[in-house]
Amino acid sequence: MHTFPQLRKIERKYGDQVIIVGVHSPKFPAERETANLREAVLRYRIDHPVVNDRDFAVWNQFGGRAWPTLMFIDPEGRVIGKHEGELPFEQFDPVVSGMLKEFEERGLLHARPIALEEIREPARTLSFPGKVLATADALFIADSNHHRIVAAGFDGAIRRSYGSGVPGFTDGPADEAAFQQPQGMARSGSTLYVADTENHAIRSIDLESGIVATLAGTGEQALLAGTGGPGPSTPLSSPWDLALMDRVLYIAMAGTHQIWTLDLDRGTVAPFAGTGREGLLDGSKAEAWFAQSSGLAILDGHLYVADSEVSAVRDIDLKTGRVTTVVGEDLFVFGDQDGEGDAVRLQHPLGITGRDRALFVADSYNHKVKRLDPERRAVAGWLGSGVAGKADGPGPSAAFREPAGVCAGADGLYIADTNNHRIVVADWTTRTVRTLIGD
């Protein structure tokens, strides 16, 4: 995901001189399906052709070893370079520029456009909503691909939106401010805090005036884990979700595989848990490993983490600072298995919320919401058939498509059914699902 913005910059700068072809070699079973890949292409605003390399044929032919890998091919079809891992534009650009200069001097460069079939989608009320936050008097929705935050009533009526709808990084009044792929939110009084993911920033919205401000992040991605510092001058990396307690904002820093904090009184950010190494390792918060943490929930003095790339739920004891794994095993251990302890399998969970000593997890790639008892480490399916689809109704027969956000409300569980472009609510007593907002 960090590579896509760099590729966009290359595409904008060089146009038809450079042809980019994406090769999708999937880790998770759910990612093998072309229909799911199509949704990902739309969600991440990819304009170049993408190959579904579901059986790793292209990966093996080109000697792939890491996500992402960049292969450079000259106009005569020969592989002339390879880069494993992320490549910032500042390093990417001189490589491309040098190659193009050489090919032009050799008379090999004959730029011509490729005719592409554009994927057209109908206009929607919401577009890939990532997270939802239920507060006492309103619902807040990260309308991620419309690059805005929506405030709605519990009847589903949209009251107000924050953000112009055009991706950017601009503070100011609600209709002029700009976000870019916002995700998680937290609220304190009349202030809403937003994880502005693709801007690598934490933003605030004054719900009374509508003014948007930047609290942390420079708008540029942090290339290393970093040590923190003053919020506005410290770069962040893909903040994905937020949780708030005692004037401390906890941040799921997915891009560096860590949990950070923002001290709202001092205006400083700092790593809280995780070394920055990707993986699953328990221990003290200073030595633990996380993997693309994407969801946070505070319950009974514990910070629970939906740790998506290890398909796990992690537990940070806020008193002792000890990190343990509730369910999950490792980077390549995943599935769809209820039960207790080490027998449990999830597949890329993105959202988590708590209520009455229980956790509810958006088990995104299994298209389900599951209930987790953290003390017993027991997981049971709560909503969803497990087959990707779109259907209201009783819990087991309801159908979702990669739900990414969940939030416990007074009257029910609110769910961002991301790839169905809707918000649904499930009644606590009957577990009946009904669409609240969305087509």
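Mentor: Two strands pair if DSSP finds at least two bridges between them; strands (E, at least two residues) and helices (H or I, at least four) are DSSP runs, numbered from the N terminus. This is a predicted model, in which local features need pLDDT of at least 70 and side-chain atom pairs count only at pLDDT 80 or more, while totals for chains, interfaces and linings use all residues. Residues are numbered from 1 along each chain as its sequence is written, and side-chain values use heavy atoms, with hydrogens and water left out.

Trainee: What makes strand 21 and strand 22 a pair?

Mentor: Four bridges join strand 21 (residues 312-317) to strand 22, and the requirement is at least two, so the two strands pair. They run antiparallel, and D315 has T324 of strand 22 as its bridge partner. The two strands form a hairpin with four residues between them, and G321 in the turn has a positive phi of about 75 degrees.

Trainee: Why do strand 18 and strand 22 count as paired?

Mentor: Strand 18 (residues 283-284) and strand 22 (residues 322-327) are joined by two bridges in the antiparallel sense; the rule asks for at least two, and therefore the pair qualifies. One of the bridges links G283 to V323.

Trainee: Why are strand 13 and strand 14 called edge strands?

Mentor: The open sheet has the order 13-17-16-15-14, with antiparallel pairing. Strand 13 (229-230) and strand 14 (239-245) each pair on one side only. For strand 14, the pairing with strand 15 (residues 248-253) extends over six bridges, including that between A243 and Y250.

Trainee: Why is S364 called buried?

Mentor: Buried means under 20% relative accessible area, exposed over 50%, and partly exposed in between (1.4 Å probe, protein chains only). The value for S364 is 1%, so S364 is buried. S364 lies in the loop between strand 25 (358-363) and strand 26 (368-373). Contact means heavy atoms within 4.5 Å, and residues that S364 touches include Q347, H348, E402 and P403.

Trainee: How do you know whether Q181 and H200 are buried or exposed?

Mentor: Q181 has a relative accessible area of 5% and is therefore buried; H200, with 7%, is also buried. Q181 is in the loop between strand 8 (158-162) and strand 9 (182-188), and its phi is positive, near 55 degrees. H200, in the loop between strand 10 and strand 11 (201-206), likewise has a positive phi near 55 degrees.

Trainee: Why is helix 2 described as largely enclosed?

Mentor: Seven of the 10 residues of helix 2 (residues 34-43) are buried, so the helix is largely enclosed by the rest of the structure. Among the buried residues are L37, V41 and R43, and the cover includes strand 1 and strand 2 (50-52).

Trainee: Why is I19 called exposed?

Mentor: I19 has a relative accessible area of 52%, so I19 lies above the 50% limit for exposed residues. I19 is in the loop between helix 1 (3-14) and strand 1 (22-24).

Trainee: What makes a set of residues a nonpolar core?

Mentor: The members are buried Ala, Val, Leu, Ile, Met, Phe, Trp, Tyr and Cys residues joined through side-chain atoms within 4.5 Å. The largest such core has 30 residues, and L192 is one of those that touch the most other members. Beyond its neighbours within four places in sequence, L192 is in contact with residues including F140, I149, M185 and I205. Apart from this core lies another, of 16 residues, among them W382 and W428.
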